[in-house]
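Here is a briefing on the side-chain contacts and the confidence of one protein model. Please look at the sequence and structure first.

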Amino acid sequence: MLSKRKDNRGMTLVEVIIAITILGLVAVPVLQSLTTSMVYNSKARVRQELTLTAESIMESFKGYGVSGKAGMAGKFNAGTGLDGLLSGDALNGASYSCTYTSSTDGVTDADITTVSADYLDLIASDAVYTFTVAGLTSNSQTYDVEITATPGSKLDVYVPEDAEATRDAVFKGDKEWDTKALENAKTDFAETNKSSNASALAAHFDGVKTGLEDSSTAVEIFVTDGTDEYDITDSSIVENVVFDSDGNFYIGNYVSLCERNIDFNVKYDGSSYIVTAEVEFGYEVSGYPYVVRETTKTYDKYTGDYTKNINESTKTLNNTAMGGTMYYTVDISTEYPGGEVYSNTASGLDRLYVYYYPEYSLTDNMTITVDSSLSGSMDDFECYIIKQRAANLTDAQTTTKESGYSPNVSVSNVSTANVVVFHNLDINIGDSSATTSASAIPTISGTNGGVYSLDTSTGLGFMYAGNGLTDNETLSYAVTLTVTRQSTGGSVTSMESTVIEGID
């Protein structure tokens with residue numbers, strides 16, 4: 001009987017060398033990756049700390065006035081302002097300075113701390129302020145922080161006089177609702193209502209196909225990238241291809257806004273006076289390209305053969321395919337929970353102030369309904385409808401857009417209350433001139449006390465209502481903050497904001 005001999009030989013030197021070489025080839029990139037990750041995390045931590053510090057400085061800056069010595073020089077002297085906000089080693093050795101430049105006054109980089117308060121109040125509106133914190137330390141590195149405040153547009157701001165929470169409802173439109181409107185419309189169409197809209201779209205294309213087909217003509221409707229074709233009469237294909245936001249055929253890119261509606265309802269529920277608001281945007285889907293292929297067979301009675309003719313044409317979807325304009329409601333619950341602008345059990349509601357930003361590129365609609373529930377509980381009611389200037393538009397841009405702006409504003413009064421409406425809709429807020437568009441003036445139905453312009457030069461406006469509004473002039477500043485590393489001069493982080501200053 002043969003016995004198996006055990007092989008107790010170890011690894012040869014060559015095998016050991018090969019194993020070590022393989023281990024080295026694998027370990028080196030892994031170690032490099034770990035090292036790179038540690039360095040990146042360290043840099044990210046430093047950047048985050050500096051960003052937080054920069055945000056604190058920015059908020060401190062915005063908390064004080066831009067113009068006037070009390071607002072500027074006083075806070076930039078060491079020992080005040082920022083020292084109270086930012087404590088610790090970061091400020092050790094840091095120096096503060098603030099200068100301004102004004103082409104109108106012929107002043108360049110003047111030290112603001114050496115100028116009298118009276119003169120500062122007279123500085124021309126073109127004065128650019130530069131605030132510097134030099135020598136800010138963080139993680140053994142030294143940084144400089146510079147804030148530049150550049151003047152923009154002068155604005156007329158109507159401020160409620162003698163405002164009281166128990167009698168005044170104030171609605172402030174948020175510009176972010178408008179800037180995010182298109183993105184939210186795409187989400188509403190292609191994500192929130194994806195399944196139902198995909199089915200409706202497939203049904204539309206299937207109807208088009210049925211309308212073109214007959215006994216001798218076969219029809220295909222599809223989207224293609226030149227290689228693959230996708231039948232868009234099939235709802236599952238439409239949902240997975242046409243509504244795929246990462247694909248080449250995403251229909252969300254063909255969503256466009258067409259109107260905005262702001263609606264208010266003023267009512268009394270038996271114990272409380274309530275004002276609710278709803279903001280919605282209307283949108284359409286149009287221009288989406290697709291291909292129609294018609295294949296027709298023609299019978300030749302002499303030869304007994306069929307001749308096949310293929311005709312392809314590119315079409316575009318129009319807004320009627322989805323039933324016309326669709327709407328989504330803006331979530332305003334952060335500012336107004338449940339859509340309530342006002343709710344109070346006090347003796348009565350006297351005034352509603354509506355501050356809003358015009359949507360120049362859309363059909364802009366606003367309705368205010370004074371509900372019949374107020375009959376007998378409220379005798380007089382004032383509505384103030386006030387256009388706001390968008391900070392990102394210059395005077396010239398605003399003036400141009402305002403000249404063609406004509407919103408549809410109506411007040412429906414179905415109560416017995418006497419309703420008076422004040423507005424600045426007939427005023428070009430870009431240059432404060434009167435507009436010529438009669439359609440911009442609000443209409444009011446029901447018992448009312450009239451419609452009046454806030455253009456005080458006419459002698460009407462809030463003078464009718466007594467203490468209604470005060471017209472204050474303000475100046476907007478574009479504020480830019482930059483943090484640079486002293487050793488390299490390279491930018492570490494930056495941010496932008498806007499400051500509005502009263503200049504009356």
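Asp 364 and Arg 260 form a salt bridge, with their closest N and O atoms 2.8 Å apart. A salt bridge here is a side-chain nitrogen of Lys or Arg within 4 Å of a carboxyl oxygen of Asp or Glu. The pair links distant parts of the chain, 104 residues apart: Asp 364 sits in strand 15 (residues 363-370) and Arg 260 in strand 8 (residues 255-268). The model is predicted, so local features need pLDDT of at least 70 and side-chain atom pairs count only at pLDDT 80 or more, while totals for chains, interfaces and linings use all residues. Residues are numbered from 1 along each chain as its sequence is written, and side-chain values use heavy atoms, with hydrogens and water left out.

**Salt bridges**

- Asp 364 and Arg 260 are both buried. Buried means under 20% relative accessible area, exposed means over 50%, and partly exposed lies in between (1.4 Å probe, protein chains only).
- Asp 364 and Arg 260 also belong to a salt-bridge network with Lys 175 and Asp 178.
- The structure has 11 salt bridges.
- One of them joins Arg 351 to Asp 168, at 2.7 Å from N to O. Arg 351 is in strand 14 (residues 351-356) and Asp 168 is in strand 5 (residues 168-172), so the bridge ties together parts 183 residues apart in sequence. Both Arg 351 and Asp 168 are buried.
- Another salt bridge pairs Arg 293 with Glu 312, the closest N and O atoms being 2.6 Å apart. Arg 293 lies in strand 10 (residues 289-300) and Glu 312 in strand 11 (residues 305-316), so this pair ties together parts 19 residues apart in sequence.
- Arg 293 is buried, at 14% relative accessible area. Glu 312 is partly exposed, at 43%.
- Helices (H or I, at least four residues) and strands (E, at least two) are DSSP runs, numbered from the N terminus.

**Aromatic pairs**

- The model has 14 aromatic pairs. Rings of Phe, Tyr and Trp (its six-membered ring) pair if their centres lie within 6.5 Å; planes under 30 degrees apart are stacked, over 60 edge-to-face, and the rest tilted.
- The ring centres of Phe 171 and Phe 264 are 5.0 Å apart and the planes meet at 85°, so this pair is edge-to-face. Phe 171 is in strand 5 and Phe 264 in strand 8, so the pair ties together parts 93 residues apart in sequence.
- Phe 171 and Phe 264 are both buried. Together with Trp 177 and Tyr 336, they form one aromatic cluster.

**Cysteines**

- What is the disulfide count? It is zero, where a disulfide is a pair of cysteine sulfur atoms within 2.5 Å.
- Cys 258 counts as buried, at 19% relative accessibility. Cys 383 is buried as well, at 1%.

**Helix 8**

- The buried residues of helix 8 (residues 235-242) are Val 238, Val 241 and Val 242. Seen down the helix axis, they fall within an arc of 90°, so they line one face. The arc is taken from the directions from the helix axis to the C-beta atoms.
- These buried residues pack against helix 7 (194-212) and strand 7 (229-231).

**Confidence**

- Mean pLDDT of the protein chain is 79, and 77% of its residues reach 70 or more. pLDDT is the predictor's confidence in each residue, from 0 to 100.
- Residues 68-91 stay under 50, with 53 contacts beyond four places in sequence. Contact means heavy atoms within 4.5 Å.
- Residues 116-122 are also below 50, and this stretch has nine contacts beyond near neighbours in sequence.
- Where pLDDT is low, the predicted coordinates should not be read in detail.
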